[in-house]
Amino acid sequence: MLNSIMEKVDSGLSRRRFLTGALAAGAALTLADRLALAQTMASSGLTAKDIHGIGVEPGLVRMALNENPIGPSPMALKAIAENMFKINRYSFGGGDITGALAEFDGIELPPPRELPAGMRGMGGGGGFRFRRQTPFFITAGSGALLTQIALAYLSKGGTEVIEADMGYGDVSGEAEDYQEAGIDVNIIRVPVKNYEHDLDAMLAAITPKTSVVVITNPNNPTGTLLSFEETEKFVNSVPENVLVVIDEAYIHFVKDPAYQTAASLATTHDNVIVTRTFSKVFGMPGMRLGYGICSQAIQEKLGFYSTGRANALAYAAGEASLKDRSHYDRSRAVVLHFRERLEEEFTKMGLEFIPSESNFMMVNLGKPSMNIMREMFRKGVMVTNRRRQQMPTWIRVSSGDERETEVFLNVLKEVLGKTS
Ligand SMILES: Cc1ncc(COP(=O)(O)O)c(C=O)c1O
């Protein structure tokens with residue numbers, strides 16, 4: 001049985017290779033090769049009908065939800081297949097991915113410490129004898145973690161949250177719900193400056209009531225990036241009783257491989273949490289897996305609001321993903337190509353865009369985007385304009401693979417040519 005499933009997984013992989021052609025080999029192709037191939041494709045008049053995207057029905061080019069167009073790591077699929085017959089069991093002890101996370105994020109773990117006899121696990125056989133305090137707080141997706149943060153730090157009332165406008169807005173969105181329920185939560189939205197977080201203004205906005213400040217880096221939907229130095233300076237200036245949330249859902253798409261993430265700030269400051277997800281570069285939003293990097297003090301506070309662990313298959317797939325560097329590199333390469341290609345074409349078309357360090361890009365179409373989006377959808381291409389109030393002529397387009405990106409560009413040009 002397992003063998004036949006593994007065969008199916010394997011044939012799925014070769015189908016994928018077939019579908020995306022030589023380009024999926026990615027690692028072997030330079031960005032210049034990819035762009036040259038893209039030029040060839042651009043003149044071939046590809047339409048959505050030519051596309052069979054991974055995880056969506058044929059004929060739909062879904063570039064709206066910041067997903068990974070090449071799907072999860074084949075190793076993750078294999079790990080799911082290998083573990084699927086164990087789901088009739090609770091996975092108490094299993095699913096420890098902290099070792100793999102530590103290696104991936106370059107964080108040194110403290111040695112496990114022996115628990116006092118009275119605190120040892122059930123069974124009398126010394127179960128759960130050792131406990132390691134790690135900086136990882138693992139949840140069923142990072143959205144769940146952001147909700148947990150809001151619950152722990154804002155829901156009691158007499159609290160305040162500061163977030164950029166435009167920012168991802170999940171934590172302040174939770175706070176809005178609390179307000180509607182009559183809870184005393186203040187929300188301060190600090191306008192972005194040149195589409196970037198205005199950290200000085202965010203710092204100046206802090207009051208004695210402030211409980212949480214949220215930074216999304218790279219930001220969603222603007223795709224802009226703060227330098228490590230800017231973030232560090234900000235963190236060092238925030239009072240220690242205020243929690244700084246640094247949402248790094250898209251951090252893996254930053255072009256500079258030497259970019260320093262905020263992880264080290266989370267391991268050295270008791271009031272900083274960095275949140276991460278397996279939904280983006282690792283391509284498994286359907287599995288729901290995310291984590292925070294933070295102090296034990298934060299973990300204790302959040303732990304009080306935990307409602308359940310991530311599931312066993314998510315753990316298995318997550319661990320396998322962390323170990324598959326080549327898939328990670330391929331996912332990055334696809335996104336870097338997408339950004340280069342869009343920048344190149346938008347420049348030729350004279351369209352204003354926000355250079356992005358993420359797997360999506362905002363572009364100003366110069367006319368109301370709603371009609372254009374609808375028309376594009378009729379032609380099989382799905383994008384969003386989530387900021388239509390503030391930016392009614394802009395759309396946000398998420399990364400497709402090379403062929404999907406060409407279809408997006410073809411359809412955009414066609415529709416822009418027709419609509420007023
Ligand atoms: C900035 C940001 N943070 C967090 C999330 C939530 O991701 P997930 O719940 O899939 O881990 C998203 C999803 O798109 C996001 O854009």
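Predicted model: local features only at pLDDT ≥ 70, side-chain atom pairs only at ≥ 80, totals over all residues.
Let me start with a helix pair: on the helix 13 side, Ile372, Glu375 and Met376 are in contact with Val411, Leu412, Val415 and Leu416 of helix 14. Sorted by residue class, this contact of helix 13 with helix 14 comprises six nonpolar residues, no polar ones and one charged residue.

As for the geometry, helix 13 covers residues 369–378 and helix 14 covers residues 402–418, and their axes come within 10 Å of each other while crossing at roughly 125°. Angles from 65 to 115 degrees count as roughly perpendicular and those over 145 as roughly antiparallel, and helix 13 and helix 14 are therefore classed as oblique to each other. The crossing of helix 13 past helix 14 is right-handed.

Let me now turn to the ligand. How many residues surround the ligand, and which are the closest? There are 13 residues around the ligand, and the closest are Gly141, Ser142, Gly143, Thr277 and Ser279. In the shell around the ligand, nine residues are polar, three are nonpolar and one is charged.

Finally, the chain as a whole, which has 14 helices and 14 strands. Of the 420 residues in the protein chain, 43% are buried. If we take the contacts between residues at least 6 apart in sequence, 74% of these join residues at least 24 apart.

Key
Residues numbered from 1 in each chain as written. Axes fitted to C-alpha atoms, helices over the stretch in contact; angles between N-to-C directions. Helix = DSSP H or I, 4+ residues; strand = E, 2+ residues; numbered from the N terminus. Parallel < 35°, antiparallel > 145°, perpendicular 65-115°, else oblique. Left-handed = near helix turned anticlockwise from the far one by under 90°. Contact = placed C-beta atoms within 7 Å. Nonpolar A, V, L, I, M, F, W, Y, C, P; charged D, E, K, R; others polar. Near = placed C-beta within 6 Å. Buried ≥ 20, exposed ≤ 12 C-beta atoms within 10 Å, placed from the backbone.
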